[in-house]
Amino acid sequence: MKKLLIYPNQYLKRIAPTQRVPIHSSVIRKMKDVFLSVKAAGLAANQIGLPHRVIIWEHELMVNPIIRTMKDPLESLESCLSLPGQQFLIRRMNKIHVCWLSPDLQIMYDTDLSGLDACIVQHEIDHLNGILINEKVLQTS
Ligand SMILES: [Zn+2]
């Protein structure tokens, strides 16, 4: 099974390029295996060293996810499997509208998400952009 990469592994800083060819089923299987074994809320492909613009979370596998609109800022206390044992208070948006493609790139989906679901998807898309939550900590002075 693929191993989860831990900060400061530099692969986590890599920006996943837009997926232009279908995602092979073996990639999906590798992501699902790790996702289920670590009991994650979500997982981005680059967290297990795969160069694909794909995230997985409880409800969906999303290829090339894009947040089209967002509103209602909130403060979110988050942890990350790539930053074990730590929590960070960061700013997210409570409501997002997100679009993504199916693994074969043939179908585009979109949905509104709010609350925890919205935060998870924002967290995972940040991973695809090489951004970890320890870089987004709110100043608490
Ligand atoms: Zn994370």
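The model is predicted: local features require pLDDT of at least 70, side-chain atom pairs count only at pLDDT 80 or more, and totals for chains, interfaces and linings use all residues. Residues are numbered from 1 along each chain as its sequence is written.

Select residues 25–37 to display helix H1, which has 13 residues. Helices (H or I, at least four residues) and strands (E, at least two) are DSSP runs, numbered from the N terminus. From first C-alpha to last, H1 reaches 18 Å, close to the 18 Å expected at 1.5 Å a residue; the expected span is 1.5 Å times one less than the number of residues.

Next, select Met 31, Val 34 and Phe 35, the buried residues of H1. A residue is buried if 20 or more other C-beta atoms, placed from the backbone, lie within 10 Å of its own, exposed if 12 or fewer, and partly exposed in between. On the other side of H1, select Ser 25, Ser 26, Arg 29, Leu 36 and Ser 37, which are exposed.

Now centre the view on Met 31, which lies in helix H1. Met 31 is buried because 23 other C-beta atoms lie within 10 Å. Beyond its neighbours within four places in sequence, Met 31 is in contact (C-beta atoms, placed from the backbone, within 7 Å) with Leu 43, Ala 45, Ile 48, Val 54 and Ile 56. Between Met 31 and Val 54, the C-alpha to C-alpha distance is 9.2 Å, with the two 23 residues apart in sequence.

Note on methods:
Contact = placed C-beta atoms within 7 Å.
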